[in-house]
Amino acid sequence: MSSIDRSQSAGGTRTYEVRTYGCQMNVHDSERLSGLLEDAGYVRAPEGADGDADVVVFNTCAVRENADNKLYGNLGHLAPKKASRPGMQIAVGGCLAQKDRDTIVKRAPWVDVVFGTHNIGKLPVLLERARVQEEAQVEIAESLEAFPSALPTRRESAYAAWVSISVGCNNTCTFCIVPALRGKEKDRRPGDILAEVEALVAEGVSEITLLGQNVNAYGSDIGDREAFSKLLRACGNIEGLERVRFTSPHPRDFTDDVIAAMAETPNAMPQLHMPLQSGSDPVLKAMRRSYRQERYLGIIEKVRAAIPHAAITTDIIVGFPGETEEDFEQTLHVVREARFAQAFTFQYSKRPGTPAAEMDGQIPKAVVQERYERLVALQEEISWEENKKQVGRTLELMVAEGEGRKDGATHRLSGRAPDNRLVHFTKPEQEVRPGDVVTVEITYAAPHHLLAEGAVLDVRRTRAGDAWEKRNTAEQAKPAGVLLGLPKIGVPEPQPAVASGCGCD
């Protein structure tokens, strides 16, 4: 049966699948791509469709060295499916599409649409144009056409939402290609941001994450150096908004007024992701990172003084060109001093078009691997020690969905603490839904999660839980063949060797 026949059997509706790679900005963009397609009449393919949809969209990342190979491997996998299914379309967007605009359809001529980071809103039009004209459509805008948040959305979570406050980046880090693909930093008006947050809360959202490539530089485009701290405080005045997070900041722009706003705003969570990249001053200089070890550790010290229970996470690159053993030891020194709750560690990846790719002193793979393993081992030890300090604490958890791998066997549920630590807890007799809040006592710590093995102390049903239940019920009622699938709620469980973002903040 062709895709056209399948669509007709499902009431004439075409299905779509979006595959996302890369940072939180891409995740947010993918929610907008899904919203655009659903606004155009498409419906989401069932979970596990694996390319068996009428439209497959790749939202790509260009940061890692194997990004190209991964994309073209996936496109090659879909080629025979597309050949056997008249009417199927494939679209490629995101950072890699922005970079390789002229080569994608040459290497994969079965691709129908290529679009960039600045014109995601054009996807439905480009798909229709490709169908009518029966030829590939390549359209890459050189500047932003609309903030992602101005577009329709299909949020993955009923209770948590991304809110973009800026796009682009003004930094010139030598290892990073993102500024060339996302453009110069551009800020949204504070009133537009707060209006979006209020609208999300009215829909049942209780947790928002303020999102930007360099989130705490917010205000530079509108001429207010304290705009970000003011925005955090303003979020604290929104009734019904229980948790506010942000990612990713840059040490250069992390000022005392932001620390004060975090400490004094009740719904600003005691969590901070502060990219380090390297603990060596010479390496930081070569990276064009505009801070040094002393400045970085000074920020950590101030945050801990103002917010004693804050969980601090970071990004670290191992094996940057020219990194000596002494340089690497300085990174280990910062890890020991800062005592990160988690570190997202990267082996340096050469990216064509970046200054670092042309630098002398490229480190042999075996040396990078050995250093990487030492760093991971140290951070594992520290993460476990820091998690053990949580044993005996009573915490409020926001119930999540899809984060516990052993829920069926242990009858546990999972949730996120205010500091974003993952906690598995005993399922209470009272029904709890994703978005509801439970109070538990921590009884055991592992390096990447906590356990609350005793009885739940309290259950608080929330408007966020109501929103999840309403959406879940509506999606289960969809006709067979056009199920949107259950929402994936909460942040995925962090792993020490996996990026939390682009690794370029």
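This is a guided tour of one predicted model, stop by stop. Residues are numbered from 1 along each chain as its sequence is written. Because the model is predicted, local features need pLDDT of at least 70 and side-chain atom pairs count only at pLDDT 80 or more, while totals for chains, interfaces and linings use all residues; side-chain values use heavy atoms, with hydrogens and water left out.

**The whole chain**

Begin with everything shown: the chain has 16 helices and 21 strands, where helices (H or I, at least four residues) and strands (E, at least two) are DSSP runs, numbered from the N terminus. Of its 505 residues, 58% count as buried, a term that stands for under 20% relative accessible area with a 1.4 Å probe, protein chains only.

Next, select strand 2 (43–44) and strand 6 (137–139), which are the edge strands, each pairing on one side only. They belong to an open sheet of six strands in the order 2-1-3-4-5-6, with parallel pairing; two strands pair if DSSP finds at least two bridges between them. Within this sheet, strand 4 (residues 89–94) and strand 5 (residues 113–115) pair in the parallel sense over two bridges, and V92 stands opposite V114 in strand 5.

**Helix 9 and its cover**

Now select helix 9 (residues 227–235), whose buried residues are A227, F228, S229, L231, L232 and C235. Their cover includes helix 8 (190–202), strand 10 (207–211), strand 11 (243–247) and helix 10 (256–264).

**The largest nonpolar core**

A nonpolar core is a set of buried Ala, Val, Leu, Ile, Met, Phe, Trp, Tyr and Cys residues joined through side-chain atoms within 4.5 Å. The largest such core has 54 residues, and I208, L210, F228, L232, F246, F254 and V303 touch the most other members. Helix 14 (residues 365–388) gives the most to this core, with six residues. Apart from it lies another core, of 23 residues, among them A45, A53, A62 and C95.

**Two helices side by side**

Finally, select helix 12 (residues 293–306) and helix 13 (residues 325–338), whose axes come within 11 Å and cross at roughly 10°. That crossing makes helix 12 roughly parallel to helix 13, a description that applies to angles under 35 degrees. Here Q293, Y296, L297, I300 and R304 in helix 12 meet Q330, H333, V334, E337 and A338 in helix 13, where contact means heavy atoms within 4.5 Å. The residues of this contact divide into five nonpolar, three polar and two charged.

Terms used: Axes fitted to C-alpha atoms, helices over the stretch in contact; angles between N-to-C directions. Parallel < 35°, antiparallel > 145°, perpendicular 65-115°, else oblique. Nonpolar A, V, L, I, M, F, W, Y, C, P; charged D, E, K, R; others polar. Buried < 20%, exposed > 50% of the residue type's maximum accessible area, 1.4 Å probe, protein only.
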